[in-house]
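Please look at the sequence and the structure below, and then follow one residue at a time into the fold.

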Amino acid sequence: MSQARRLRVEADVAMCVGARQCVLSDPSVFGHDECNLVEVLQVEVDDHPELAEAITMCPTGALEAIDPATGEVVYP
């Protein structure tokens with residue numbers, strides 16, 4: 001069994017419109033503040049399907065997952 005790839009999660013709060021799709025898709029990684037804007041609850045996480053869904057569901061493209069070893073943007 002191979003080990004899951006670790007990813008760094010980043011959010012551009014200035015781009016967030018508070019749609020909360022990320023929170024609904026992956027509440028273990030994403031939350032929201034008092035203005036309903038995205039908060040990253042876990043900055044480094046194992047790659048998992050809910051993370052990919054949460055990032056791709058963002059209507060503004062405010063979210064990214066990056067491979068910290070290579071700098072490659074994995075999602076979106």
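**A walk through the fold**

If we leave aside the neighbours of Leu7 within four places in sequence, Leu7 is in contact with Val43, Glu44, Val45, Asp47, Leu51, Ala65, Ile66, Asp67, Pro68, Val74 and Tyr75, where contact means heavy atoms within 4.5 Å. This is a predicted model, in which local features need pLDDT of at least 70 and side-chain atom pairs count only at pLDDT 80 or more, while totals for chains, interfaces and linings use all residues. Residues are numbered from 1 along each chain as its sequence is written, and side-chain values use heavy atoms, with hydrogens and water left out.

Leu7 has its place in strand E1, and because its relative accessibility is 0%, Leu7 counts as buried (buried means under 20% relative accessible area, exposed over 50%, and partly exposed in between, with a 1.4 Å probe and protein chains only). Leu7 and Ala69 are 62 residues apart in sequence, and their C-alpha atoms are 8.8 Å apart in space.

How many helices and strands does the protein chain have? The secondary structure comes to 2 helices and 6 strands, which are DSSP runs numbered from the N terminus (H or I with at least four residues for helices, E with at least two for strands). Read along the sequence, these elements follow the pattern β-α-β-β-β-α-β-β. The radius of gyration of the protein chain is 12 Å, close to the 11 Å that the globule rule gives for 76 residues, so the chain is as compact as a globular protein of that length; this radius is taken over C-alpha atoms, and the rule is 2.2 Å times the number of residues to the power 0.38. Along its principal axes, the C-alpha trace spans about 40 × 20 × 15 Å.

A nonpolar core is a set of buried Ala, Val, Leu, Ile, Met, Phe, Trp, Tyr and Cys residues joined through side-chain atoms within 4.5 Å. The largest one has 19 residues, of which Cys22, Phe30, Leu51, Ile55, Leu63 and Tyr75 touch the most other members. The elements that give two or more residues to this core are strand E1 (6-11), helix H1 (21-25), helix H2 (49-57), strand E5 (63-66) and strand E6 (73-75), and H2 gives the most, with 4 residues. Apart from its neighbours within four places in sequence, Leu51 is in contact with Leu7, Val9, Asp26, Val29, Phe30, Val45 and Ala65.

Across the whole protein chain, residues 24 or more positions apart account for 55% of the contacts with a separation of 6 or more. Gln21, which is in helix H1, and Cys58 are 37 residues apart along the chain, yet their C-alpha atoms are separated by 6.1 Å. Gln21 counts as partly exposed because its relative accessibility is 27%.

Some details of the backbone also deserve attention. Most residues other than glycine have a negative phi, and most peptide bonds are trans. Arg20, in the loop between E1 and H1, has a positive phi of about 65° although it is not a glycine. Asn36, in the loop between strand E2 (30-32) and strand E3 (38-40), likewise is not a glycine and has a positive phi of about 65°. A cis peptide bond, with omega of about 5°, joins Tyr75 and Pro76, and Pro76 lies in the segment after E6.
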